[in-house]
Amino acid sequence: MSGALVRMGAIVRKEFRHLGRDPRMLLAVVITPVIQLLLFAYAISFDVENVPTIVIDLDRTPTSRSYLEKYEASPFFEVVEHGSTLADVDDAFDHNTARVAVVISAGFARTLDGGGQAQVAVLVDGSEPTAAKVAQTYSVALNQLYTQQLTRAWADAQGLDLSSLGMLEPRVRTWYNPERRSSDFLIPGLMVVIIAIVTVQQTAVTLVRERDLGTQEQLEVSPMRRIELMVGKLLPWTLIAFLDVVMITLLGRALFGIPLRGQPVALALGAALFVFASLGMGLLISAIAPSMDTANIIALLIAFLPSFLLSGFAFDLAQVPIVLQWLAYAFPAQYMVTISRAVFLKGAGVADLWPEFAALAAYAAVMLGISSLLYGRRSSR
Amino acid sequence: MPALPTTPAPPPGADAIRARGLRRTFGDTVAVDGLDLDVPTGAVFGLLGPDGAGKSTLIRMLATVLAPTAGEATVFGHSVVTERDAVTPRIGYMSQRFSMYPDLSVAENMEFFATIRGVGRADRRTRARQLLEGMGLDEFTTRQAQFLSGGMKQKLMLATTLMHRPDLLLLDEPTTGVDPVSRREFWRILAGLHADGRTVLVATPYMDEAERCTHIAFLDGGRIRQHGTPDEIKAKVPGRLLEVTAADPRAAMAVVDGVAGVTSAHLLGDVVRVLWDGAGDPAPTLASALAAAGVRDVGVRPVAPDMETVFAYLADPSTRAADAEPEVAAS
């Protein structure tokens, strides 16, 4: 056993030496995550505020004006134009001067006064889906608020005390990320993408490299077992992946004030399971890929793209086609994105996230199992 | 007359390598074709043959990194298939291509491979120093392997292979692509190992290196065509060897080939190597035949047979056919 430890230690030391001698690899695993973090957090923003809005008041009554004031006051809408006809909406959308149009039809005040249901048309430019969705949600909320106010005014006029009846006042709130800052949302997801790249890509290449160099044969004539080689190869990348996790967490806190509300242990456990699942994928690629180039391409296809596109990191999984949703279940990234966001933002613990933890653990076990079977089969013989 | 290769039955365990009916195919290609081989302990056994003869495949099977398709082979009495763990600690295997980490230094490479081979820490240091000094690499211990010259790379591989003191060295063309000075030095090191009692199996495409071996085997088409000591091999070539120089060597060769008593004529550089198995003194006979044919500037002198010529003779299908019929060769 001590012989095995010595041999694994030798592999680990050697792997770190390779890393130290290869500036590009060092760059890829340490500097690139930082750059990606800054890029995503600063440059790519899903924040929705000051959505340019055109209002068209065809009613021109004090009631309609007071309704529109709600839009003026909201930080989410910025009323950039007061139009007079519906044609102005097309114009504004075409020229990208506005993304939301609020149209109050004539008779708005009269309908409300008569106790009827007044209709307000809220038109949303769908070419920017995120902003559109938020704008839609907010105008619905504003309408509700306004309706409540009207109800209360009506009740006051009737001499009724609604609050004593226990009627609840609706408040619109976004939980977990009250300011809806996209960095809060992105960075926990970005962490997952970065782990996937570091682990899958590097593991996929590292074993193929031994074959390409011809050193594989020298390892085979040593008393070293395949499992020792695997552990020795995986350990450095596990450590580096964790280094990246810590780095992203600390930078996220220091630069962007990302809260870590949950237990760090839960995050660490999730990261560990995800790392093992990813390493398993990397090993699998290494066992079957005939060359370094093939290994790189496969790693890109099964690690980077799914963790980027099918994890909920960039796109809400509920909004992608059903086939892609199924596909997303086949990759571990989406479970880790869920865990990461829940721990960071919701303060969730292991108990809350057990289905995701179980999925990752199962994934890791299956991947490592298959890859060690495949790798254990002496491919060169 | 050349007895067909038969080895006297060795006492059990006396052979470092013993292979019977060893065969390896890659798809439809037969690389090693039912080969028998006995390498006595302590021998420097040269494995000669052209590219594609099956030398590397044979060595890789003996090194346990390639499984035979059929047949069996033992190293120090242990099967290379079922007893790998008993075989690998006693062998050192040097593959044909450079197989060290290019980005690690000489010292780091040696230390890594020695560590996984189970050489202790203190032993590693003293042994690496000794080996590197012995090979003149001690100035380059901190140099990355990728920046070594071809000869130095081969010496580094050999030094690394020797770290765990293997009893049997399997060297696959260690001197291919190495300059003549480094080649000579490499063989000086092998001679030292031989003096130490180590067994060496070395593949080489260079015929001149065969002279330095205690035993040689000529491999072609996946089979051993000839084997024995260098003297035994040379004795298989009947007659005397002469060198013919002329203004036009090709014309000279054509003339000489037709002279009665000449078994074979080969062009080697710009001299014609002639094998004479006839009666009488060959030199005047050849000189007069060449003069009669109008070849100018003729010189004929007897030379001692070397391996190059011996194998050229033995590999020649026409002479090999003669070899198979003793009465023809003996006449």
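In strand S4 of chain A, Leu123(A) is the bridge partner of Ala101(A), and that pairing is a handy way into this two-chain structure. Bear in mind that you're looking at a predicted model.

- S3(A) and S4(A) belong to an open sheet of four strands, ordered S2-S1-S3-S4, with mixed pairing.
- At the edges you'll find strand S2 (77-83) and strand S4 (120-124) of chain A, each pairing on one side only.
- On average, neighbouring strands of this sheet are turned by 25° against each other, ignoring direction.
- Helix H3 (residues 62-73) of chain A packs on the sheet and touches strand S1 (51-57), S2 and S3 of chain A.
- The direction of H3(A) makes about 175° with that of S1(A).
- Helix H4 (residues 87-94) of chain A lies across S1, S2, S3 and S4 of chain A, and runs at about 170° to S1(A).

**Chain A overall**
- Chain A has 14 helices and four strands.
- Of its 381 residues, 39% count as buried.
- If you take the contacts in chain A with a separation of 6 or more, residues 24 or more positions apart account for 79% of them.

**Chain B overall**
- Chain B has 12 helices and 14 strands.
- Its C-alpha trace spans about 75 × 45 × 40 Å along the principal axes.
- Chain B has 331 residues, and 44% of them count as buried.
- Among chain B contacts between residues at least 6 apart in sequence, 68% join residues at least 24 apart.

**The two domains of chain B**
- Where they meet, nine residues of domain 1 of chain B are in contact with five residues of domain 2 of chain B.
- On the domain 1 side of that contact, S9 and strand S10 (223-228) of chain B are the elements giving two or more residues.
- By class, that domain 1 side has four nonpolar, one polar and four charged residues.

**Strand S3 of chain B**
- Strand S3 (residues 44-48) of chain B is mostly covered, with five of its five residues buried.
- In a regular strand, side chains alternate between the two faces of the sheet.
- In S3(B) both faces are covered: Val44(B), Gly46(B) and Leu48(B) are buried on one side, and Phe45(B) and Leu47(B) on the other.
- S3(B) runs parallel to strand S8 (residues 199-204) of chain B, joined by five bridges.
- Within that pair, Phe45(B) has Leu201(B) in S8(B) as its bridge partner.
- S3(B) also runs parallel to strand S9 (residues 215-220) of chain B, this time over four bridges.
- Here Gly46(B) stands opposite Ile216(B) in S9(B).

**Nonpolar cores**
- The largest nonpolar core has 166 residues.
- The residues with the most contacts inside this core are Val192(A), Ile195(A), Leu360(A), Leu62(B), Leu170(B), Leu201(B) and Val274(B).
- Helix H7 (residues 182-213) of chain A gives the most to this core, with 17 residues.
- Leaving out residues up to four places away in sequence, Leu170(B) touches Ile59(B), Leu62(B), Ala63(B), Ile91(B), Tyr93(B) and Leu201(B).
- A second, separate core of 20 residues includes Ile54(A), Val55(A), Val89(A) and Val102(A).

**Where chain B touches chain A**
- On the chain B side, 23 residues are in contact with 22 residues of chain A.
- Strand S6 (91-94) and helix H3 (106-116) of chain B are the elements that give two or more residues to this side.
- H3(B) supplies the largest share of the chain B side, at five residues.
- The residues on the chain B side divide into 13 nonpolar, six polar and four charged.

Definitions and conventions:
Residues numbered from 1 in each chain as written. Chains lettered and ligands numbered in written order. Predicted model: local features only at pLDDT ≥ 70, side-chain atom pairs only at ≥ 80, totals over all residues. Buried ≥ 20, exposed ≤ 12 C-beta atoms within 10 Å, placed from the backbone. Contact = placed C-beta atoms within 7 Å. Pairing = 2+ DSSP bridges. Nonpolar A, V, L, I, M, F, W, Y, C, P; charged D, E, K, R; others polar. Axes fitted to C-alpha atoms, helices over the stretch in contact; angles between N-to-C directions. Core = buried A, V, L, I, M, F, W, Y, C linked by C-beta atoms within 7 Å.
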